[in-house]
Amino acid sequence: MIDCRNLVVIDAGCGAGLVTVAALAGGARHVIAQDHDAAALADTARNVSRILGTAAGSRLSLWEAGWNLLGPMRADLLAVNPPQRPSALLPEVPQSQRHLHVGGGNDGLDSLRLILEHAGTHRVRTTAAAVLDVSKLNNPRWSTPRLIASADLPFDPAWRALVPDRQGRADIWETTNLSPG
């Protein structure tokens, strides 16, 4: 998120605010941290203040809403780390954490499809485990996703069926809105 200088960024599904903190640290003019969970928004605000100081809060808005309400929100960039576990992997996720991982659907991309269907931003940047086939996103409003970064990371044991040694690649993809408006 080092390329966010002077941008308005939406952190969709902000959770504890890692993307929000990175965008603000990268010089974003303003970040809209969106989540359907009020506790996640409180965590984000707390982490921004703790990590970047209280002054960073003046460049932060919190928005409690679902992804189906993203349409009217205009920004330069929407960044998201969506739930992306294929549904076949969910039984391996502890019940107490399952709510954080539901939404990927059969191929792990349903949450991202929902975001692309509703986003009104110019660009969307997303994480995706390299074992997921992002070419299946093919939304006519958006360009073909372009790989912008990769990192080898340890994967949670629940990924064992797709990442047997639990060490795999996570990618960051970016797509551009072909019909902004």
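Analyst: A pocket here is an open set of points on a 1 Å grid over the protein atoms alone, where a 1.4 Å probe fits and protein lies on both sides within 12 Å along at least five of seven lines; lining residues have an atom within 4 Å of a point. The model is predicted, so local features need pLDDT of at least 70 and side-chain atom pairs pLDDT 80 or more, while totals for chains, interfaces and linings use all residues. Residues are numbered from 1 along each chain as its sequence is written, and side-chain values use heavy atoms, without hydrogens or water.

The largest pocket holds about 1400 Å³ of space (the volume filled by probe spheres set on the points, which are joined across faces, edges and corners). Its lining has 48 residues, with Gly13, Asn81, Pro82, Pro83 and Thr127 nearest the centre. Two or more lining residues come from each of α1 (18–25), β2 (30–35), β4 (77–80), α3 (110–118), β5 (123–129), β6 (146–154) and β7 (167–176); these are DSSP runs numbered from the N terminus, helices being H or I of at least four residues and strands E of at least two. Strand β6 gives the largest share, six residues. By type, the lining divides into 26 nonpolar, 15 polar and seven charged residues (nonpolar: Ala, Val, Leu, Ile, Met, Phe, Trp, Tyr, Cys and Pro; charged: Asp, Glu, Lys and Arg; polar: the others, Gly among them).

The strands belong to an open sheet of seven, ordered β3-β2-β1-β4-β5-β7-β6 with mixed pairing (two strands pair if DSSP finds at least two bridges between them). β3 (60–64) and β6 are the edge strands, each pairing on one side only. From one strand to the next, the twist averages 20°. β1 (residues 8–12) and β4 run parallel and share four bridges, with Val9 opposite Leu77 of β4.

Helix α1 packs on this sheet and touches β1, β2, β3 and β4, its direction making about 175° with that of β2. Contact means heavy atoms within 4.5 Å; angles, from 0 to 180 degrees, are taken between N-to-C directions of axes fitted to C-alpha atoms, for helices over the stretch in contact. Helix α2 (residues 38–52) also packs on the sheet, touching β2 and β3, at about 170° to β3.

Between β5 and β6, the loop includes Val134. Val134 counts as buried because its relative accessibility is 7% (buried is under 20%, exposed over 50%, partly exposed in between, with a 1.4 Å probe and protein chains only). Beyond its neighbours within four places in sequence, Val134 contacts Leu109, Ala128, Pro145 and Trp173.
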